[in-house]
Amino acid sequence: MSEYANGNTFDYEGRQSACQHEARRVVRYEHGGQVTVLADTFEARGSMRRMT
């Protein structure tokens, strides 16, 4: 599931990282199909939502 992902990049091992806007997190897609959450909070403020 893409969760409206963009901001894609690849690391030196060929794994894709993306910002998932719907889920409000940064993830990495592993070679075996697993999804690793790299960030889902910022400065202990809960979900990474836009500050207004």
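Let's start with the sheet. A strand here is a DSSP run of E, at least two residues long, numbered from the N terminus. Two strands pair if DSSP finds at least two bridges between them.

The model is predicted, so local features need pLDDT of at least 70 and side-chain atom pairs count only at pLDDT 80 or more, while totals for chains, interfaces and linings use all residues. Residues are numbered from 1 along each chain as its sequence is written, and side-chain values use heavy atoms, leaving out hydrogens and water.

Now the whole chain. It has zero helices and four strands. Read from the N terminus, the elements go β-β-β-β. How much of the chain is buried? Of its 52 residues, 15% are. Buried means under 20% relative accessible area, exposed means over 50%, and partly exposed lies in between, with a 1.4 Å probe and protein chains only. The chain exposes about 4,200 Å², and carbon and sulfur atoms supply 49% of that. Those areas come from the Shrake-Rupley method with a 1.4 Å probe. Next, contacts, meaning heavy atoms within 4.5 Å. Take those between residues at least 6 apart in sequence: 8% of them join residues at least 24 apart.

Let's walk through the strand pairs. β1 and β2 run antiparallel, and four bridges join them. β2 covers residues 16-20. In this pair, T9 stands opposite S17. The hairpin of β1 and β2 has five residues between the strands. There, G14 takes a positive phi near 85°.

Next pair. β2 and β3 are antiparallel too, joined by five bridges. S17 comes up again here, standing opposite R28 in β3. This hairpin has four residues between its strands, and R24 takes a positive phi near 55°.

Last pair. β3, residues 25-29, meets β4 in the antiparallel sense over four bridges. V26 has A39 in β4 as its bridge partner. Between β3 and β4 the hairpin has five residues, and G33 takes a positive phi near 100°.

One general point about strands. In a regular strand, side chains alternate between the two faces of the sheet.

Let's stop at one residue, N8. Its place is in strand β1. Is N8 buried, exposed or partly exposed? At 44% relative accessibility, N8 counts as partly exposed. Which residues does N8 touch, leaving aside those up to four places away in sequence? They are Q16, S17 and A18. The C-alpha atoms of N8 and A18 are separated by 4.5 Å, although the two residues are 10 apart along the chain. With Q16, the side chain of N8 makes a polar contact of 3.0 Å. A polar contact is a pair of N or O atoms within 3.5 Å; within protein, one must be able to donate a hydrogen and the other to accept it, and residues adjacent in sequence count only if both atoms are side-chain atoms.

Finally, the charged groups. Side chains of opposite charge can pair when their charged atoms come close. The structure holds four salt bridges. Each one is a side-chain nitrogen of Lys or Arg within 4 Å of a carboxyl oxygen of Asp or Glu.

Begin with E13 and R15. Their side chains meet in a salt bridge, 3.8 Å from N to O. E13 is exposed, at 54% relative accessible area. R15 counts as buried, at 14%.

R15 also forms a salt bridge with E30, where the closest N and O atoms are 3.3 Å apart. That pair links distant parts of the chain. R15 is in the loop between β1 and β2, E30 is in the loop between β3 and β4, and they are 15 residues apart. E30 counts as buried, at 18% relative accessibility.

E30 meets R28 as well, in a salt bridge of 2.8 Å, N to O. R28 is buried, with a relative accessible area of 19%. Which residues end up in one network? Salt bridges that share partners join D11, E13, R15, R28 and E30.
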